[in-house]
Amino acid sequence: REGASGDHGGGYGWIMTQQLLLYGLVLAVVIALGVRLYRVWRDRHRKAGLVATEAIQPTPDVSDANVGAEQLPEDGWARLAHELLARGELRLALRAFYLGSLAHLASRHLITLARFKSNRDYERELRRRAHAFAELHALFGENVSAFDGIWYGRHEVNSELITRFAANVERIKSGG
């Protein structure tokens with residue numbers, strides 16, 4: 001008669017299987033929760049140890065003729081110029097100020113930096129693009145003349161000339 005009404009032994013096996021599956025599922029959830037908690041804990045400790053970093057830009061050798069205004073932002077050139085002034089390297093400080101003014105004019109899209117351009121090319125380009133800013137062109141032209149005479153010529157650089165040159169650069173930055 002047991003065979004006609006069903007197998008009673010199989011019912012207990014099915015319940016046992018369900019209980020094992022339930023325990024296995026609870027165990028898997030507990031393990032997953034433990035792994036998740038461990039990762040959260042680990043990430044918190046890892047973030048606490050992280051330090052914000054900023055790439056250090058190498059300071060270009062201003063005395064190198066291949067150094068261009070694009071190698072530092074304008075404030076980087078200004079910092080370098082003031083460091084050079086503090087060390088008494090007036091000629092190199094003058095070049096750093098000049099490269100800073102080129103970087104500034106390029107950031108305002110008044111000139112386009114290129115290795116093949118001369119200082120006079122920049123002056124002509126500025127005259128074309130900034131014709132509404134006559135004072136800007138005059139200040140830059142004065143600085144180009146001073147720079148060329150010192151950097152490429154035999155003119156002496158002194159602190160008075162540097163002061164005037166730096167003041168012109170500041171006026172150029174403020175819009176002329």
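What is the volume of the largest pocket?

**View 1. The largest pocket of the predicted model.** The largest pocket has a volume of about 330 Å³, a volume being the space filled by probe spheres set on grid points joined across faces, edges and corners. A pocket is an open set of points on a 1 Å grid over the protein atoms alone, where a 1.4 Å probe fits, with protein on both sides within 12 Å along at least five of seven lines; lining residues have an atom within 4 Å of a point. Of the 20 lining residues, Ala 65, Val 67, Gly 68, Arg 95 and Lys 117 are the closest to the centre. Helix 4 gives the most to this lining, with four residues. The lining divides into twelve nonpolar, four polar and four charged residues (nonpolar: Ala, Val, Leu, Ile, Met, Phe, Trp, Tyr, Cys and Pro; charged: Asp, Glu, Lys and Arg; polar: the others, Gly among them).

**View 2. Helix 4 against helix 7.** Helix 4 (residues 90-107) and helix 7 (residues 159-173) have axes 10 Å apart, at an angle of about 10°. Helices are DSSP runs (H or I, at least four residues) numbered from the N terminus. Axes are lines fitted to C-alpha atoms over the stretch in contact, and angles run from 0 to 180 degrees between N-to-C directions. Helix 4 is therefore roughly parallel to helix 7 (under 35 degrees; over 145 counts as roughly antiparallel). Contact means heavy atoms within 4.5 Å. Among the residues in this contact are Phe 97 and Tyr 98 of helix 4 and Phe 165 and Val 169 of helix 7. By class, the contact has eleven nonpolar, three polar and one charged residues.

**View 3. Helix 5 against helix 6.** The two axes come within 10 Å and cross at roughly 175°, so helix 5 is roughly antiparallel to helix 6. The contact includes Tyr 122 and Leu 126 of helix 5 and Phe 140 and Val 144 of helix 6. Its residues divide into six nonpolar, four polar and four charged.

**View 4. Confidence along the chain.** The mean pLDDT (the predictor's confidence in each residue, from 0 to 100) is 85 for the protein chain. Where pLDDT is low, the predicted coordinates should not be read in detail.

**Notes.** Residues are numbered from 1 along each chain as its sequence is written, and side-chain values use heavy atoms, leaving out hydrogens and water. In this predicted model, local features need pLDDT of at least 70 and side-chain atom pairs count only at pLDDT 80 or more, while totals for chains, interfaces and linings use all residues.

Note on methods
Helices (H or I, at least four residues) and strands (E, at least two) are DSSP runs, numbered from the N terminus. Angles under 35 degrees count as roughly parallel, over 145 as roughly antiparallel, 65 to 115 as roughly perpendicular and the rest as oblique.
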